[in-house]
Amino acid sequence: MVSDGAAPPSSPDRPLRVAVIGAGPAGIFTADALTQQTDVPVQIDLVDRLPTPFGLVRHGIAPDHAKMRAIRETLHRSLDHPSLRFVGNVEIGVDLALEDLRAHVDAVVYTYGAALDRKLGIPGEDLPGSLAATELVAWYCGHPDADRERVESALAAARSVVVVGVGNVALDVGRVLARTPEELESTDMPQHVLDALAAAPVEQVTILGRRGPAQASFTTQELRELGAMAGATVLVDPADLELDPDSEERAAADRVVSRNLGVLRGWVENAPEPDRIPLRLRFFSRPARLLGEGRVTGLEVERTAVDGDGRAVGTGEVEVLPADLVVRSVGYRGSALPGLPIDERSGTVPHDGTGRVLRDGQLSGGEYVAGWIKRGPSGVVGTNKADARETVAALLADATAGVLRVGGPADDLVSTLQARGAEPVLLEDWRAIDAAEIELGATRGRARTTLHEREALLAAVRAAARR
Ligand SMILES: Cc1cc2nc3c(=O)[nH]c(=O)nc-3n(C[C@H](O)[C@H](O)[C@H](O)COP(=O)(O)OP(=O)(O)OC[C@H]3O[C@@H](n4cnc5c(N)ncnc54)[C@H](O)[C@@H]3O)c2cc1C
């Protein structure tokens with residue numbers, strides 16, 4: 001039971017017990033900031049609904065970005081701290097209600113990310129052959145919840161692909177679909193993903209921006225990478241690079257925009273080449289509807305212009321692009337955990353600006369938020385570090401001020417979960433999964449092969465327990 005009394009100062013015998021919900025970068029940085037300070041003795045349960053830690057570092061960052069994905073090694077080290085317990089395979093709100101969790105700990109930090117996709121809101125969006133980037137990314141990264149059949153049947157017919165969106169995720173998707181099998185061989189993608197990508201009949205990829213190149217949100221490094229692909233040639237229409245005065249101003253004021261324009265201008269002379277996939281970057285094109293009966297066959301787009309406020313305005317000029325696969329990549333969105341408020345507009349948990357959760361506009365003692373579910377889905381992995389530190393500073397200030405309520409007397413979260421029939425995956429269990437993935441990779445000369453199905457992940461845990 002949660003007591004109403006103020007918490008006594010935590011001590012090594014009775015450390016402050018904190019549950020962190022979500023073991024992505026924000027959760028791990030939060031746990032790390034808590035374990036790296038010495039003012040308040042802490043004991044942390046880092047809970048994740050998956051049997052594996054790392055969130056989007058495992059299931060989002062493109063598998064062909066080996067250097068970026070290597071950040072998991074740094075995150076991994078944080079998990080080893082003796083005051084930290086990884087509790088995977090436990091979904092808060094499903095395996096354990098928030099209210100019940102709060103009875104076990106003195107404070108909760110929500111770091112459960114923003115996993116939903118945003119929709120285009122146009123006709124035909126639900127046709128087979130229309131996917132959200134979230135679905136495709138989850139699939140190629142081997143997320144246990146990915147709908148293999150849906151994605152693989154869409155890919156099997158994908159000759160002409162249109163990716164809607166001009167952020168880094170759209171570039172990831174376009175790049176992965178246009179890569180040669182040899183380029184992907186060294187990644188940690190599940191074997192069936194590699195096989196399905198190799199068999200996909202992709203002949204052309206178009207990446208579509210509603211506004212102009214000066215308004216695109218991709219970064220220069222990601223953009224430049226498209227020009228170095230083994231089997232694809234980037235094509236850009238020079239007319240798309242003629243800027244209106246506002247966009248010129250934007251380019252002059254923003255180094256990323258001017259660098260991006262420089263990279264794009266370097267491609268205007270490119271022409272389609274035999275045996276190479278044309279990868280078109282097309283701007284000023286707003287999707288109007290997906291065409292097809294039974295499955296997608298095309299995408300109707302309207303030509304746009306950018307107004308003085310940087311918004312896309314339709315010109316009435318309409319064109320149909322052939323498309324067997326349309327992938328929308330127009331952003332991620334957070335959702336509510338059962339029992340937790342959400343701001344529906346921003347898809348974030350309301351907080352006081354430093355990470356203290358607000359319920360009905362009032363501070364809710366002992367509840368904090370960090371990462372994408374605090375700020376919204378933007379920023380790189382490292383952005384979550386400063387964000388997590390800010391939240392931890394608020395939590396520690398409250399602990400020191402004695403305003404946290406005290407959770408139950410015993411450290412019994414894991415035993416409670418087990419008694420309820422849950423199968424928590426602890427750090428040594430995750431190590432067994434890690435070892436099984438490395439072993440599987442070695443069978444094909446790869447550093448690692450991701451285990452995709454939840455059952456395969458849990459089987460690795462059980463096999464290690466029997467040894
Ligand atoms: C496709 C894609 C590619 C990206 N590529 C890059 C890149 O190359 N470089 C870069 O720096 N950044 C990249 N990012 C951004 C980076 O991944 C994010 O900044 C970061 O992952 C956000 O961290 P987070 O911890 O808030 O959320 P997440 O990483 O999403 O972690 C949230 C965790 O919470 C868990 N969870 C959810 N619900 C529950 C629940 N009810 N109970 C328990 N656990 C739960 C999830 O399983 C997950 O592990 C990319 C993002 C995406 C989407």
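Which kind of contact do the side chains of Asp 64 and Arg 179 meet in? Select the two and you will find a salt bridge, 2.9 Å from N to O; the rule asks for a side-chain nitrogen of Lys or Arg within 4 Å of a carboxyl oxygen of Asp or Glu.

Before moving on, a word on ground rules. This is a predicted model, in which local features need pLDDT of at least 70 and side-chain atom pairs count only at pLDDT 80 or more, while totals for chains, interfaces and linings use all residues. Residues are numbered from 1 along each chain as its sequence is written, and side-chain values use heavy atoms, with hydrogens and water left out.

**The two domains**

Next, colour domain 1 (16-115 + 334-425) and domain 2 (118-331); these bounds come from an automatic or database domain assignment. Their C-alpha centres are 33 Å apart. Where they meet, 15 residues of domain 1 contact 19 residues of domain 2, contact being heavy atoms within 4.5 Å. The two domains bury about 1200 Å² between them, 50% of it on carbon and sulfur atoms; this is the accessible area (1.4 Å probe) that two parts lose on being put together, summed over both. Now select His 59, Pro 63 and Asp 64: they supply 46% of the area that domain 1 buries against domain 2, more than any other three residues. Across this interface the rule finds 4 salt bridges.

**The largest nonpolar core**

Move on to Trp 139, Tyr 140 and Leu 281, which touch the most other members of the largest nonpolar core, a set of 56 residues. Such a core consists of buried Ala, Val, Leu, Ile, Met, Phe, Trp, Tyr and Cys residues joined through side-chain atoms within 4.5 Å, where buried means under 20% relative accessible area, exposed over 50% and partly exposed in between (1.4 Å probe, protein chains only). Helix 6 (residues 133-141) gives the largest share, 7 residues; helices are DSSP runs (H or I, at least four residues), numbered from the N terminus. Each of domain 1 and domain 2 contributes at least three residues to this core.

Centre on Tyr 140. Leaving aside neighbours within four places in sequence, its contacts include Ala 62, Pro 63, Asp 172 and Met 189.

**Last stop: Asp 145**

Finally, pick Asp 145, in the loop between helix 6 and helix 7 (148-156). Asp 145 counts as partly exposed because its relative accessibility is 42%. Not counting residues up to four places away in sequence, Asp 145 touches Arg 49 and Arg 454.

Notes. Helices (H or I, at least four residues) and strands (E, at least two) are DSSP runs, numbered from the N terminus.
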